[in-house]
Amino acid sequence: MSDFRCTRRAALVALFAAGMQCAAAGRAFAETPASVDAPAPTPWESLKPEEQKVLARHGESWNSLPAEQQQRLLRGTQRWLAMSPEQRQRAQARFQRWRELTPEQRERARESYHRFKQLPPEEQARVRENLHRLKKLTPEQRQRLRERWQNATPEERQRMLERRRQRMQHQGRAPQ
C-alpha cells in the first residue's frame, strides 16, 4: 500500500477517532465475559447529579447493565463533563458526521484506526504531522492534490513519493 494511501487512511482515522470515542460512550455494548479483575457495578444512586443528567437515558436500566459497560459509559461521561463548550460542540459535530457514515465507511474507519494504533509512536507522529499539514491547505489545494494523485499512474506515484522523501531528507527531517 502506498505511503499516501496509508497517510490518507490515517487522516480519516484521526478525524473519526474522537467521534468513535463519543459513539462508544453512547452505544450499548454486548455483554462481555466476566474476568477475574472485573470492575464492581456502580449503583445509580452513587453517581453525581451531573453524571446522572448526562446518563439519564440509561437511568432506568443502569443497575442492570454489566459493570464493564457502566464503567465505559461513566468514563465517557466524565470526559464529556471535562470538555469546554467549544470542545463539546466539536465532539457533537464529529459524532453527527460519524452517524451519517454508512456501515461500510464506519468499518473502514475502525480498521484504519486499529492500524494506526498499531504503528510505532514515531510513525503515528508522522501521520499526525501530515494530517496537520493537509488541514493547513485550502480546499482547492487539497482537491488539486487529490486529483493529481488519483490521476497519476503507479509509477508516477512512486516518483512523487521518492521526490518527497528526498525533499524531507534534504530538509533534515526523516522521510514520511
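Which residues in H4 meet which residues in H5? I started my notes on this predicted model there. I found that Trp98, Arg99 and Glu100 in H4 meet Arg106, Ala109 and Arg110 in H5. I sorted the residues of this contact by class and got two nonpolar, no polar and four charged.

Next I looked up how these helices are placed. H4 covers residues 85-100 and H5 covers residues 103-118. Their axes come within 8 Å and cross at roughly 120°. That angle makes H4 oblique to H5, because angles of 65 to 115 degrees count as roughly perpendicular and over 145 as roughly antiparallel.

**Entry: H3 and H4**

The axes of H3 and H4 come within 8 Å and cross at roughly 130°, so H3 is oblique to H4. On the H3 side I noted Trp80, Leu81 and Ala82, which meet Gln87, Arg88, Ala91 and Gln92 in H4. By class, I have four nonpolar, two polar and one charged residues in this contact.

I checked the length of H3, residues 67-82. The helix has 16 residues and reaches 22 Å from its first C-alpha to its last, close to the 22 Å expected at 1.5 Å a residue. I also listed its buried residues: Ala67, Glu68, Gln69, Gln70, Leu73, Leu74, Gly76 and Thr77. I kept one general point beside this list: an α-helix has 3.6 residues a turn, so residues three or four places apart point the same way.

**Entry: the core**

Which residues make up the largest nonpolar core? I counted seven residues in all: Trp44, Leu47, Leu55, Trp62, Leu65, Leu73 and Leu74. My general note here is that in soluble globular proteins, nonpolar side chains tend to be buried together.

**Entry: leucine 55**

I picked one core member to follow. Leucine 55 is in the loop between helix H2 (49-54) and H3. Is leucine 55 buried or exposed? I read 3% relative accessibility for leucine 55, so this residue counts as buried, because the cut-off for buried is under 20%.

I set aside neighbours within four places in sequence and listed the other contacts of leucine 55: Trp44, Leu47, Trp62, Leu73, Leu74 and Thr77. For one of these, leucine 74, I looked up the separation from leucine 55. The two are 19 residues apart in sequence and 8.1 Å apart in space, C-alpha to C-alpha.

**Entry: leucine 65**

Last, I looked at leucine 65, another core member. Not counting residues up to four places away in sequence, leucine 65 touches His58, Gln70 and Leu73.

Definitions and conventions: Residues are numbered from 1 along each chain as its sequence is written. This is a predicted model: local features need pLDDT of at least 70, side-chain atom pairs count only at pLDDT 80 or more; totals for chains, interfaces and linings use all residues. Side-chain values use heavy atoms; hydrogens and water are left out. Axes are lines fitted to C-alpha atoms, for helices over the stretch in contact, and angles run from 0 to 180 degrees between N-to-C directions. Helices (H or I, at least four residues) and strands (E, at least two) are DSSP runs, numbered from the N terminus. Angles under 35 degrees count as roughly parallel, over 145 as roughly antiparallel, 65 to 115 as roughly perpendicular and the rest as oblique. Contact means heavy atoms within 4.5 Å. Ala, Val, Leu, Ile, Met, Phe, Trp, Tyr, Cys and Pro count as nonpolar, Asp, Glu, Lys and Arg as charged, and the others, Gly among them, as polar. A nonpolar core is a set of buried Ala, Val, Leu, Ile, Met, Phe, Trp, Tyr and Cys residues joined through side-chain atoms within 4.5 Å. Buried means under 20% relative accessible area, exposed over 50%, partly exposed in between (1.4 Å probe, protein chains only). The expected span of a helix is 1.5 Å times one less than its number of residues.
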